[in-house]
Amino acid sequence: MGREHTYVCPTCGARITRSFRAPSVMRSCENGCSFGHFLRADVLERVDSVPVAARPDDWAELEVEERLLVAMREGVVSLPDLR
Ligand SMILES: [Zn+2]
């Protein structure tokens with residue numbers, strides 16, 4: 001049996017597990033959130049650790065992909081983290 005990886009809905013926090021490892025999974029959330037990326041749990045944790053001072057004013061409205069870009073720009077997430 002392979003390892004399971006956890007992916008999290010950035011809107012409501014719903015979790016799913018998949019047997020493959022990827023930065024994110026495109027799917028619609030069973031809680032009615034808009035169709036989008038579920039981020040792997042450890043990636044989302046890093047995105048959430050972007051310091052408040054480094055977040056743009058519209059952080060709360062950004063799509064999770066845009067937050068990920070900010071996290072990468074800030075050096076909180078690097079390419080190896082996405083493997
Ligand atoms: Zn959701």
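What follows is a chat about a predicted model of a protein chain.

Biologist: I'm new to this one, so what helices and strands does the protein chain have?

Modeller: This is a predicted model, and in it the protein chain has two helices and four strands, which come along the sequence in the pattern β-β-β-β-α-α. The radius of gyration is 13 Å, close to the 12 Å that the globule rule gives for 83 residues, so the chain is as compact as a globular protein of that length.

Biologist: And what does the C-alpha trace span along its principal axes?

Modeller: The C-alpha trace spans about 40 × 30 × 15 Å along those axes. Of the 83 residues, 20% count as buried, and among contacts with a separation of 6 or more, 41% are between residues 24 or more positions apart.

Biologist: In what order do the strands sit in the sheet?

Modeller: The order is E2-E1-E4-E3, in an open sheet of four strands with antiparallel pairing. Strand E2 (15-18) and strand E3 (24-27) are the edge strands, each pairing on one side only, and the twist averages 35° from one strand to the next.

Biologist: How many bridges does E4 share with E3, and how many with E1?

Modeller: E3 and E4 pair in the antiparallel sense over four bridges, and Arg27 stands opposite Gly36 in E4. Two bridges join E1 to E4, again running antiparallel, with Tyr7 standing opposite Arg40 in E4.

Biologist: Is E4 mostly covered or mostly open?

Modeller: E4 is mostly covered, since four of its five residues are buried. Helix H1 lies across E1 and E4, running at about 95° to E4.

Biologist: Which residues of H1 are buried, then?

Modeller: In H1 the buried residues are Val43, Leu44, Arg46 and Val47. They cover an arc of only 160° around the axis, which puts them on the same side of H1. These buried residues of H1 pack against E1, E4 and H2.

Biologist: Switching to the other helix, which residues of H2 are buried, and where on the helix do they fall?

Modeller: Arg67, Leu68 and Ala71 are the buried residues of H2. Seen down the axis of H2, they fall within an arc of 105°, so they line one face of the helix. What covers them includes H1.

Biologist: What follows H2?

Modeller: H2 is followed by Gly75, whose phi is positive, near 80°.

Biologist: Which residues make up the largest nonpolar core?

Modeller: That core has 12 residues in all, namely Tyr7, Val8, Cys9, Phe38, Leu39, Val43, Leu44, Val47, Val50, Leu68, Ala71 and Val77. Strand E1 (5-8), strand E4 (36-40), helix H1 (41-48) and helix H2 (64-73) each supply at least two residues of this core, and the largest share, three residues, comes from H1.

Biologist: Which residues is Thr6 in contact with?

Modeller: Beyond its neighbours within four places in sequence, Thr6 is in contact with Arg15, Thr17, Arg40 and Ala41.

Biologist: And what separates the C-alpha atoms of Thr6 and Phe38?

Modeller: Those C-alpha atoms are separated by 9.2 Å, although Thr6 and Phe38 are 32 residues apart along the chain.

Key: Residues numbered from 1 in each chain as written. Predicted model: local features only at pLDDT ≥ 70, side-chain atom pairs only at ≥ 80, totals over all residues. Core = buried A, V, L, I, M, F, W, Y, C linked by C-beta atoms within 7 Å. Buried ≥ 20, exposed ≤ 12 C-beta atoms within 10 Å, placed from the backbone. Arc of directions from axis to C-beta. Contact = placed C-beta atoms within 7 Å. Rg over C-alpha atoms; globule rule 2.2 N^0.38 Å. Pairing = 2+ DSSP bridges. Axes fitted to C-alpha atoms, helices over the stretch in contact; angles between N-to-C directions.
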